[in-house]
Amino acid sequence: MHHFMLANLLTEPVGVAHYMAVGAVLFVCGVLCMALKRNALGVLMGIELVLNGANLNFIAFGSRFLRGEGQGLGLDGPLMALFVIVLAAAEAAVALAIVLNFYNNYDSVDIDRADQLQG
Amino acid sequence: MDSSWLPTLLALAWLTPLASFVFILFFGKHAGPHGRFAGTVATGAIVFSCVLSFVAMFGAWLPNNELPEAHHGDHAAGGDHDEHAEDGEHADEADHETFIRPAASPFLLASSGGDRGTISLVADTAEGEGDSAEHHIAPNGKPPAVYGVFYNLVTFGKLKLDISYYIDALTVTMFCVVTLIASCVHFYAIGYMHDELHEPYTDHEVTLTDGTHLVRKGRFYRFFQYLSLFCFSMLGIVIAGNLAMAFVFWELVGICSYFLIGFYIERHSASTAANKAFIVNRVGDFGMLIGMMALWSSLGTFAFGDTQNDQGEVTEPGMFSVLRTEENHYALAPTESMEVEGARVVGEGEEGESSHAGQWLLLIAGVGVFCGCVGKSAQFPLHVWLPDAMEGPTPVSALVHSATMVAAGVYLTGRVYPIFTPEALLVIAVIGCITLFVAATIAITALDIKRVLAYSTVSQLGYMMLALGIGGWSAGIFHLITHACFKGLLFMCSGSVIHAVHTNDMSYMGGLRKKMPITAYTMLVGCLAIIGAGIPTSMYGLSGYYSKDAIIEQAWSFAGANRGNPLLSILLIAPVIGAAITAFYMFRLWYMTFAGEPRDHHRYDHAHESPRVMTMPLVVLAVCAIAIGWSVPGTNLSITSLLEQAQPVGTTPGAEGVLAENLVVPAEQLSHVKAVKIPAGWAAFSAAAFGVLLATIIYLWRMLNPAEIRDSFKPLYAFLWNKWYFDELYDLIFVKPTHWISGLIAKFDRGIIDGIIHGTAATAKAAASIVSNVGDRTLVDGTVNAFANRTWDFGLMLRRLQTGSLRTYVLAIAMGTWITYMLVSFIMVARGTG
């Protein structure tokens, strides 16, 4: 039945699966962006996409409407999402600082030139 | 003072030098400038001992022990003793006539005399020959003595080792003599060792490899430290109450002499002489140990005196009481245990015959103990160390040669006298006789002033041993005491001369009489004393006159008693000839040193009389050398009467040989009869006079040229100059073979034992190298290295994964995650759980 799931998304009402599909697309876009961009800022953007792709899953699994359950506040999913956002902000700040320093040293933001970690 | 004070007084006198030794040992170096105060402490200690000894003698001994009235007071059956009271020594012979009965009367009744021998005796049961008069002299009992134990060191079964005391007249007399002479030597040494106070001290007799003389720190304090220990050890022998304790102090005396002879340790000759003295003494001590073992294994006791309980009963008899029981009239008889032990050692006799096993054992014991005395008192086979002992400082020579070391041997022989069988006594006499003659002849040619005196000492010790061996106990001990005085004097005089002219060689001296009169005339007194100057057959003379005449009289009496054995008459001829030689070499020494013209003007001009601290002891000893043989006026107190009081138990009547059947040891009192005394006295006098005359002709009047005499007797001169080749002989017999055997053993050691060991080592090394190369290096190391190399290669391979490119990493993470996901999915599908 698994291989039919994607086809069913278009016919079924909006549910968790749809959110997950969007999240997965975002995630894959982010990963591709990270893997293929040579511009460091592009890579940072890819990271944002990856994080937010993951965030969508938290939101989707956290929503009581989407889960169809009435009990509890149902805030665990959004809280995790908030954490991820805060983390993404901190990460972006640190990463931008690294990128700026890298630029100061190399006059470039080409991450292929940052190969000093090679074994 | 009660006689119970005696042990306390003498123990104090004995231990004071020890205290001084300990003090100087710890504080001597810092006592005054360069340890000067150490000399004062040591001298003070020995003077205190001397005072205590005299207090013991006059305060505690004499008031409690009445002196015998005449030579052998027990037997004085009558007669007028007033003359004895005044003369002391050579009392009128008429007296002796009165208490020696004619031989026709087989009995002699002894008068009862206090605790001395009260046994009346003795039927002459044996052959009634004419000269058996000595059989009739009653044996004396135990001499008055105080015996007790200070401290029991340890008890092993029957063997008790005690610090004990045995005090009789001999002990007290020896204490006085030893401490008196030692005091003189201490005072003298303060002056003589003055150079050692200089800091630093330069020893001009030691030349270092760079041609300079040795410069070292002064050792003044150390000299006095050793002197104190020496006195303590000697007094320990004298006070010892058992043979084991005597042996301990005996060895202490040996080690002290080693320290003192080797005092100038940097001089090769001094260290060699010290070693020689020590080793030669060990040889004698080995014999002494054998003697002690023989005594202990058969008697079970070492004690000289009897242990008594509160009721005065004897609980543990000493050796003398065991060997000479009262029931046996104090005659020497081996005990039953001795017969058993002796039979075990020498074997049983033939059937029906007595094996005399006990007598043999007694002979072994006696000769064994005497061996120790031979070493210590430098008797014939072991006399070689004493002349070499001259390497020590002169005060040491004076002390060693007079009051301490060599006296110890004679003293011990005298102390254990009751255990000597007539055969053992004959051994002693023969050894003494050889010694006195050999040493006297060597002294004729010696040119070193101290060496002449050293051989003279050996010779005089021979006289003492001879006297003891032929039955003259008090003559021998008396000569020990008089000799201590005049030999101490002579040595200190020679030291004074050496101090002045800085050489020992008499050929550089001469005419010193004018420069140093006190030394010269005190030495003359010493020379006169040693040759026994006196008016023959009278009672006037110097100390040596009494003692030497007593010895020759005893020898005369001995030769008379053994008329059947002409060989034994050598024991008379040798001392008489020896007396002539003694007189010759002593006056040769005096003339060469003090008379005539100076031979070395440089040394003569620098000569000077010694300081007063050195001359005063000379004067004191000169007075002793003159007067020690006299009795105190108005009393019968004299050394001889004290010695008679101490006459060892049962030895008065002489003895007859058991193993050697013809041997007769005559009673000592028989030598005082007119028939012996007069010819012996004249013989001694004419011998001495002849010696002096000969010396005077050659060395003073120069009627004969010594060099010509030397040339005409060249072989004899060479023989004597080389000291009878004793050193060479011993070198050939003992030293060379020892070196040869040692060389062989060393070769065996180096060649064979070392070879085996080296071979084993080489084999083990080869085996180890195989194991090492094959096993360890190849297998073990190979495995470990292979592991390491593979790990290294693997690491290098993995290293390539780390590209450093971010994009690669991201791709790897993404692909990895995806692949993992796919794998998990496939697995779940395959297991049917998905």
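A crossing of two helices is called left-handed if the near helix is turned anticlockwise from the far one by less than a right angle, and right-handed if clockwise. Keep that in mind for several stops on this tour.

This is a predicted model, in which local features need pLDDT of at least 70 and side-chain atom pairs count only at pLDDT 80 or more, while totals for chains, interfaces and linings use all residues. Residues are numbered from 1 along each chain as its sequence is written, and chains are lettered from A and ligands numbered from 1 in the order in which they are written.

**Stop 1: chain A**

Select chain A and colour it by secondary structure. You will find five helices and zero strands, in the order α-α-α-α-α along the sequence. Helices here are DSSP runs of H or I with at least four residues, strands are runs of E with at least two, and both are numbered from the N terminus. Of its 119 residues, 18% count as buried; a residue is buried if 20 or more other C-beta atoms lie within 10 Å of its own, exposed if 12 or fewer, and partly exposed in between, with C-beta atoms placed from the backbone.

Now pick A:D107, in the segment after α5 (76-106) of chain A. A:D107 is not a glycine, yet has a positive phi of about 55°. Is A:D107 buried or exposed? A:D107 counts as exposed because 9 C-beta neighbours lie inside 10 Å.

**Stop 2: where the chains touch**

Show both chains together. On chain A, 13 residues are in contact with 12 residues of chain B, contact meaning that the C-beta atoms of two residues, placed from the backbone, lie within 7 Å. Which helix gives the largest share of the chain A side? Helix α2 (residues 16-36) of chain A does, with four residues. By class, the chain A side has eight nonpolar, three polar and two charged residues. In this scheme Ala, Val, Leu, Ile, Met, Phe, Trp, Tyr, Cys and Pro count as nonpolar, Asp, Glu, Lys and Arg as charged, and the others, Gly among them, as polar.

**Stop 3**

Select residues 146-156 and 159-167 of chain B. These are strands β1 and β2, which run antiparallel and are joined by nine bridges; strands pair if DSSP finds at least two bridges between them. B:Y151 has B:I163 in β2(B) as its bridge partner. Two residues lie between the strands of this hairpin, and B:G157 in the turn has a positive phi of about 55°.

Move on to strand β3 (residues 201-207) and strand β4 (residues 213-216) of chain B, an antiparallel pair with four bridges. Opposite B:T202 you will see B:V215 in β4(B). This hairpin has five residues between the strands, and B:G211 takes a positive phi near 85°.

**Stop 4: α2 and α6 of chain B**

Select residues 36-61 and 220-239 of chain B. Helices α2 and α6 pack at an angle of about 15°, with their axes 7 Å apart. Axes are lines fitted to C-alpha atoms, for helices over the stretch in contact, and angles run from 0 to 180 degrees between N-to-C directions. The angle makes α2(B) roughly parallel to α6(B); under 35 degrees counts as roughly parallel, over 145 as roughly antiparallel, 65 to 115 as roughly perpendicular and the rest as oblique. The crossing is left-handed. Among the residues that meet are B:R36, B:A38 and B:G39 in α2(B) and B:F220, B:Y221 and B:F224 in α6(B).

**Stop 5: around α11 of chain B**

Helix α8 (residues 268-299) and helix α11 (residues 357-376) of chain B have axes that come within 7 Å and cross at roughly 150°. That makes α8(B) roughly antiparallel to α11(B). Their crossing is left-handed, and their contact has 13 nonpolar, eight polar and two charged residues.

Within α11 of chain B, pick B:A357, which is buried with 21 C-beta neighbours inside 10 Å. The C-alpha atoms of B:A357 and B:A343 are 14 residues apart along the chain and separated by 5.1 Å. Then find B:A378 in the loop between α11 and α12 (385-388) of chain B. B:A378 has a positive phi of about 55° although it is not a glycine, and is buried, with 31 other C-beta atoms within 10 Å.

**Last stop: α20 and α24 of chain B**

Select residues 570-594 and 674-700 of chain B. The axes of α20 and α24 come within 7 Å and cross at roughly 30°, in a right-handed crossing. Their contact divides into 20 nonpolar, three polar and one charged residue. Residues to display include B:F584 and B:F587 in α20(B), and B:F690 and B:G691 in α24(B).
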